[in-house]
Amino acid sequence: MILEKLGNQGFPNLLFLYGFMGEAADWQYFREDLSRDFCCLSANFSAENVTSLSSLSWKLKESLETLVTSRRYRIVGYSMGGRLALRYALEFPDSVDCLVIASASPGIEDLTERQIRAIEDDQRAEILETKGIEYFLEYWYGNSLFDSLRNHSQIYTDLIKRRSRVNPTKTSEILRNLSPGREPSMWQQLPNLKCPILLLAGSLDLKYIGILQKVKDILPQATLKILPNVGHAMHIEKPELFLETIRDFLITQGPQ
């Protein structure tokens, strides 16, 4: 797994995990600012042979241990990267100082709903495989989750240009194998998390406000913040607001 590093290795480690079809460059703005206080790490797992979040967590752990000396991390995860952050924290709880979970879910509890979601993600993967990346991007970002993102025309245009460079085969593999319909639900394991957690949802993303409110109800140490006038992709829509929201939390958590 490819890891990018920015900042002094003597600083606390701060790991960024991107969402579906994302790339390490999605976090560049945040890394440049936070590298004054952290050794900022971004994982690029889009080329990995991905079979599950658990296997990806182990690959991530092995890669991190070859790059940094400290074995403790503060982790920021968005969407699919947020699911990976939760899985990593459950697999290796002693190595995680805190979590920022943005627009992410611990999974689907109901078995029937998981089966339906797996079928839906297989159908999405087939659309990508048969109709190509340009059609798929229009289809994917046509989801109501991204309504507010599409209103930022230049940001949206730039994003589509970057996403058009993804590897369709690997993207399809990730869509199938990391589907919440195939991943075991993490809801029952959530009480095992003892580290401080900041939960973030956009005020226009009602689905994930509901999900993360439920997470907060389970985890007394968690703080839920609703960012105004943004949707699911809050860090892309308003990066300054996202950075301001996470900076103080990250700096005050864990050993200094």
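**Close-up views of a predicted model**

**View 1. The largest cavity.** About 40 Å³ of space lies in the largest cavity of this predicted model. The count is one cavity of 30 Å³ or more. Rolling a probe the size of a water molecule over the atoms shows where empty space is left.

**View 2. Residues that line the largest cavity.** Leu53, Arg83, Pro106, Gly107, Pro180, Glu183, Pro184 and Met186 form the lining. By class, five of these residues are nonpolar, one is polar and two are charged. Arg83 and Glu183 are the charged pair.

**View 3. The seven-stranded sheet.** Seven strands make up an open sheet with mixed pairing. Their order is S1-S3-S2-S4-S5-S6-S7. Strand S1 (2-6) and strand S7 (222-227) are the edge strands, and each pairs on one side only. On average, neighbouring strands of the sheet are turned by 20° against each other, direction ignored. Strands of a sheet pair through backbone hydrogen bonds, either parallel or antiparallel.

**View 4. Strands S2 and S4 side by side.** S2 covers residues 13-17, and S4 covers residues 73-78. The two strands pair in the parallel sense. Five bridges join them. Asn13 stands opposite Tyr73 in S4.

**View 5. Helix H3 on the sheet.** Helix H3 (residues 80-91) packs on the sheet. H3 touches S2, S4 and strand S5 (96-102). The direction of H3 makes about 145° with that of S4.

Methods:
Residues are numbered from 1 along each chain as its sequence is written. This is a predicted model: local features need pLDDT of at least 70, side-chain atom pairs count only at pLDDT 80 or more; totals for chains, interfaces and linings use all residues. Side-chain values use heavy atoms; hydrogens and water are left out. On a 1 Å grid over the protein atoms alone, a cavity is a set of points where a 1.4 Å probe fits but cannot get out, and a pocket is an open set with protein on both sides within 12 Å along at least five of seven lines; lining residues have an atom within 4 Å of a point. Grid points are joined across faces, edges and corners, and a volume is the space filled by probe spheres set on the points. Two strands pair if DSSP finds at least two bridges between them. Helices (H or I, at least four residues) and strands (E, at least two) are DSSP runs, numbered from the N terminus. Axes are lines fitted to C-alpha atoms, for helices over the stretch in contact, and angles run from 0 to 180 degrees between N-to-C directions. Contact means heavy atoms within 4.5 Å.
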